[in-house]
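Please examine the following structure together with its sequence.

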There are 2 protein chains.
Amino acid sequence: MKLSKYYMPTLREVPSDAEIASHQLLLRAGMIRKSATGIYTYLPLGYRVIKKIEAIVREEMDRAGSMEILMSALQPKEIWEQSGRWAVYGPEMFKLKDRNQREFCLGPTAEEYFTSLVKDEVRSYKQLPLNIYQIQTKYRDEKRPRFGLNRAREFSMKDAYSFDTDAQSMVEAYMVMYKAYERIFDRLGLDYRIVLGDSGAMGGSSSHEFIALSETGEGVICFTKDGKIAYTDEKAPVHYQGPQEEEAKDLEKVPTPGASTIEEVAKFLNLDPKRCAKAVDLLIDGEACIVFIPGDRELNLTKLAAYTQVPEHAIEKMDDQAILACGSYPGFTGPMDLKDTRVILDQSLTKINNLVVGGNQEGYHYINACYGRDFDGEIAPDLLMVQEGDLAEDGQELLFRRGIEVGNIFQLGTKYSTALNATYLDENGKEQYFYMGSYGVGITRSVTAIVEQNHDDAGIIWPIHLAPYQVIVTIVQSKDQDQVALGEKIYQDLQDKGLDVLLDDRNERPGVKFNDRDLIGIPLRITVGKKASQGIVEYSTRKDMVNQDLSVDQAMEEVLKACEKIK
Amino acid sequence: MKLSKYYMPTLREVPSDAEIASHQLLLRAGMIRKSATGIYTYLPLGYRVIKKIEAIVREEMDRAGSMEILMSALQPKEIWEQSGRWAVYGPEMFKLKDRNQREFCLGPTAEEYFTSLVKDEVRSYKQLPLNIYQIQTKYRDEKRPRFGLNRAREFSMKDAYSFDTDAQSMVEAYMVMYKAYERIFDRLGLDYRIVLGDSGAMGGSSSHEFIALSETGEGVICFTKDGKIAYTDEKAPVHYQGPQEEEAKDLEKVPTPGASTIEEVAKFLNLDPKRCAKAVDLLIDGEACIVFIPGDRELNLTKLAAYTQVPEHAIEKMDDQAILACGSYPGFTGPMDLKDTRVILDQSLTKINNLVVGGNQEGYHYINACYGRDFDGEIAPDLLMVQEGDLAEDGQELLFRRGIEVGNIFQLGTKYSTALNATYLDENGKEQYFYMGSYGVGITRSVTAIVEQNHDDAGIIWPIHLAPYQVIVTIVQSKDQDQVALGEKIYQDLQDKGLDVLLDDRNERPGVKFNDRDLIGIPLRITVGKKASQGIVEYSTRKDMVNQDLSVDQAMEEVLKACEKIK
């Protein structure tokens with residue numbers, strides 16, 4: 001394509017609401033545009049990259065024996081009610097009614113939909129195993145859409161679902177997908193880690209997440225140095241190291257005027273924050289609930305949601321009024337003498353003597369509180385957020401890196417088939433529930449991860465097999481006949497070789513052309529300038545940006561050599 | 001792919017709610033499934049066809065210089081209000097609110113969205129002309145979804161939009177699309193006609209529709225034998241031939257007891273129905289309005305909507321109560337002495353003397369009524385539905401055929417750019433509105449048209465370049481080792497030649513396999529049966545279904561020869 005006719009609206013300025021490099025660069029390079037909050041248009045350059053990613057995903061899914069279908073984005077409410085997820089997704093789901101007042105959502109995922117499809121069609125064990133996938137637009141009405149394509153409200157996802165006769169073949173199907181995902185993310189050239197995931201709203205027993213490392217990622221993964229153990233921070237079990245052991249002392253109520261945070265209390269009493277019980281005052285599905293954890297820790301909401309079986313969006317902070325109604329006082333909440341309140345204790349607290357807990361009275365705390373003797377509550381096994389330096393189950397220290405979740409795979413078991421009553425007939429003619437798995441690849445989110453891992457100050461550096469075009473031929477002076485003629489010829493010859501080529505034939509200053517070229521990140525570059533009349537051009541790659549004077553033939557050869565491996 | 005592992009749920013019975021062949025066959029062949037009313041899932045076989053159609057459309061659009069992008073299905077309400085179409089689409093548009101109560105629709109088309117995109121990006125005449133397209137899922141909440149993919153509520157459409165500096169270059173861009181559409185529908189192998197279209201909700205000055213001929217089509221096209229004139233029936237201008245001319249006679253009110261329809265009145269008075277004025281009692285946007293047309297004709301709602309500038313969905317029939325309120329009586333409505341009622345006359349009535357009109361009183365009509373002398377009203381130029389045998393403007397008779405609208409192209413002028421205030425700077429630095437065109441291809445609807453034109457009683461007959469697979473190899477007895485070995489070998493060899501091949505290796509009765517094969521319409525067939533041990537197979541095409549004993553090599557050669565032209 002000739003840039004003089006191409007729709008590539010590059011920007012010089014960094015858009016003010018774009019926080020991370022990939023978001024800024026994709027906007028600046030004229031690859032995406034915001035249509036509404038969290039909703040993007042993919043422009044010609046950007047959409048070419050997406051189609052190349054889709055092609056890789058299709059190839060690997062087909063190779064793994066999965067079959068492509070396409071389901072509607074509109075999903076009937078009924079199937080979501082059967083699984084109970086209409087409520088779980090809550091405001092994160094776009095909902096609408098048709099002209100007959102029938103309710104639908106715009107699918108954020110499709111476990112229910114695929115289950116209901118297969119339910120009606122697959123009746124015999126002979127038709128199993130089955131693995132079907134789609135590359136489809138998904139919708140999530142995120143509370144805080146951000147980082148461009150990374151957390152958008154509309155995005156493209158490849159989702160696959162496997163149907164098997166029993167747990168063992170489900171695990172086999174899962175492992176086939178695990179391997180296919182390794183191939184996909186290897187081919188996308190991503191530096192990624194596979195971590196034991198949190199199954200979250202998906203349910204089911206085991207899952208893995210594929211996390212592309214990036215300092216701008218929203219998620220944190222923690223892993224041991226030898227790489228044998230890896231978790232998302234939300235999922236990582238915490239083996240909490242308490243304060244030094246002590247004999248139990250006598251409970252005592254002490255004034256702590258003005259000291260309401262853990263930091264203030266610990267300082268005031270000159271104690272290790274580990275010996276303070278932190279109270280988190282919550283309304284869980286509307287019910288008053290106070291959760292106590294060690295003072296040096298943060299509450300892990302995902303773990304709490306899993307423990308209470310209440311979705312995260314239905315967990316909110318109490319206001320002061322509600323805290324007073326519990327018989328407590330804001331900033332001084334403790335586990336003793338609360339009224340009409342559910343009390344949940346992280347189990348680590350049951351092993352620490354002489355805790356500092358709130359006095360439920362302004363300006364007072366108890367010291368030397370001991371579980372069982374002085375206070376009580378439900379014991380939850382582990383509600384803590386992991387911290388860098390925590391020890392893994394094998395005693396190694398956990399390291400932290402940020403990352404972008406580009407894929408996930410779930411063993412679902414019979415969760416959805418039971419909910420939707422989806423059965424097949426086994427060899428004995430008996431109804432059995434399907435064992436299922438679900439497998440997602442974030443197509444548009446992968447674009448973000450690729451750009452995060454492949455850019456410099458000047459712009460994007462596309463890997464050659466994902467680049468919208470492999471080569472750009474730049475005519476430095478569009479009024480120089482020699483340059484134009486040679487540029488056009490090289491452009492035509494490279495196209496004839498089957499390459500995707502851009503020709504910058506615009507009537508623009510050379511600086512504009514060079515800046516745009518760096519910004520959009522075309523990997524191979526031929527510059528047709530002053531020496532055109534002598535048949536000499538400059539050749540460079542986007543990666544090293546070092547120009548080399550070459551004859552036209554040599555430059556063409558370099559290009560063809562670099563493109564050979566993607567053929 | 002091996003059918004033993006393939007997701008192809010064929011049906012023996014014809015689904016009860018499928019009325020036309022394409023709908024029945026696509027369901028029976030396991031190519032599509034209904035997910036909800038007017039909403040379909042594309043199963044593996046069906047989706048392969050869709051992807052092949054998409055590839056052809058992409059090639060021809062790219063060749064015509066259009067660039068592919070992808071916009072969101074979610075479109076903000078604001079841009080639709082600017083064009084006035086939020087109201088025009090009415091209940092046909094799926095509408096929803098996000099978590100912040102911001103309103104969106106699921107785009108039924110994207111003139112506004114593309115205009116608003118380009119408005120922000122294209123500032124200079126130097127960036128024009130521009131043509132961009134997308135292949136995207138569209139949504140229309142049809143009142144009566146039917147005929148499967150033909151009139152669905154969710155469907156895939158290629159829509160393109162051109163932006164030009166003036167009317168002349170808009171027409172040039174339009175003609176480029178016209179040619180591209182001819183190539184597209186030629187390559188889809190469709191028997192189609194190009195008719196002057198109705199611009200309907202799109203607005204604008206000129207348009208064409210590409211109509212695939214099919215007796216099951218919802219639309220009717222009328223054309224002269226020499227093919228020089230063609231219209232949709234909705235758009236066809238009517239050159240009405242009235243009854244024999246007569247001198248004006250005296251107005252007279254006569255009893256017509258029990259005769260309330262045109263047929264009854266004409267029979268009772270022994271008159272040509274052409275001499276009766278038919279009253280159509282309507283509420284137009286809530287306002288009482290009675291339209292009078294010749295008694296042998298039907299009212300053309302599209303023309304009425306265009307004339308009154310009120311969308312069709314806001315035009316409804318009066319109930320008896322409303323008719324009485326107009327000072328009339330149901331079945332006896334005439335143009336005289338109506339109260340608070342808008343009266344519209346088709347202009348043909350102004351030229352007919354001695355009309356029979358309702359007496360606005362039960363059991364009475366007037367005879368010998370003459371326009372101007374006895375009654376009056378707004379004159380609308382042409383509100384009539386065309387009839388077969390009507391004369392075209394050149395005096396030729398109009399022939400009728402039914403058809404499916406698979407494409408349409410519109411010259412929009414500055415309708416949308418004005419509404420959305422979308423301008424560029426011309427050579428003199430002056431703001432100018434874009435001249436636009438819009439161009440649609442119904443991707444999923446084309447599937448319907450192709451099947452309607454390519455099937456027989458046994459099933460679908462796919463054209464080879466659109467078929468989900470080009471060849472099917474059937475192993476007649478899946479327990480016969482010779483047959484299995486030979487079938488697998490042929491399957492493998494054909495795949496190695498780069499063909500899309502199915503192997504029917506299922507443990508099913510031969511009759512089931514043969515029926516499925518006919519049903520799904522794979523164009524080339526190799527049957528591995530009794531003579532497998534001698535290296536003899538049967539070869540046939542789906543079209544003629546005549547089996548021919550051939551050596552394996554000969555059969556392979558036939559297949560390769562037939563596939564040559566699609567390479």
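Rings of Phe, Tyr and Trp (its six-membered ring) pair if their centres lie within 6.5 Å; planes under 30 degrees apart count as stacked, over 60 as edge-to-face and the rest as tilted. One aromatic cluster is formed by A:Tyr178, A:Tyr181, A:Phe185, A:Tyr192 and A:Phe210. This is a predicted model, in which local features need pLDDT of at least 70 and side-chain atom pairs count only at pLDDT 80 or more, while totals for chains, interfaces and linings use all residues. Residues are numbered from 1 along each chain as its sequence is written, chains are lettered from A and ligands numbered from 1 in the order in which they are written, and side-chain values use heavy atoms, with hydrogens and water left out.

Over all chains, the structure holds 30 aromatic pairs. The pair of A:Tyr424 and A:Phe434 is tilted because the ring centres are 5.5 Å apart and the planes stand at 35 degrees. A:Tyr424 lies in strand β22 (residues 423-425) of chain A, and A:Phe434 lies in the loop between β23 (431-433) and β24 (435-442) of chain A, so the pair ties together parts that are 10 residues apart in sequence. Strands (E, at least two residues) are DSSP runs, numbered from the N terminus. Both A:Tyr424 and A:Phe434 are buried, where buried means under 20% relative accessible area, exposed over 50% and partly exposed in between (1.4 Å probe, protein chains only).

In chain B, B:Tyr329 and B:Phe332 form a tilted aromatic pair, with 6.3 Å from centre to centre and 50 degrees between the planes.

The final topic is the contact between the chains. Chain B and chain A each contribute 50 residues to the contact, which means heavy atoms within 4.5 Å. About 4400 Å² is buried between chain B and chain A, 60% of it on carbon and sulfur atoms; buried area is the accessible area (1.4 Å probe) that two parts lose on being put together, summed over both. B:Tyr7, B:Leu70 and B:Arg99 supply 17% of the area that chain B buries against chain A, more than any other three residues. Between chain B and chain A the count is six salt bridges, each a side-chain nitrogen of Lys or Arg within 4 Å of a carboxyl oxygen of Asp or Glu. The side chains of A:Glu121 and B:Arg33 meet in a salt bridge at 2.2 Å, N to O.

Conventions:
Helices (H or I, at least four residues) and strands (E, at least two) are DSSP runs, numbered from the N terminus.
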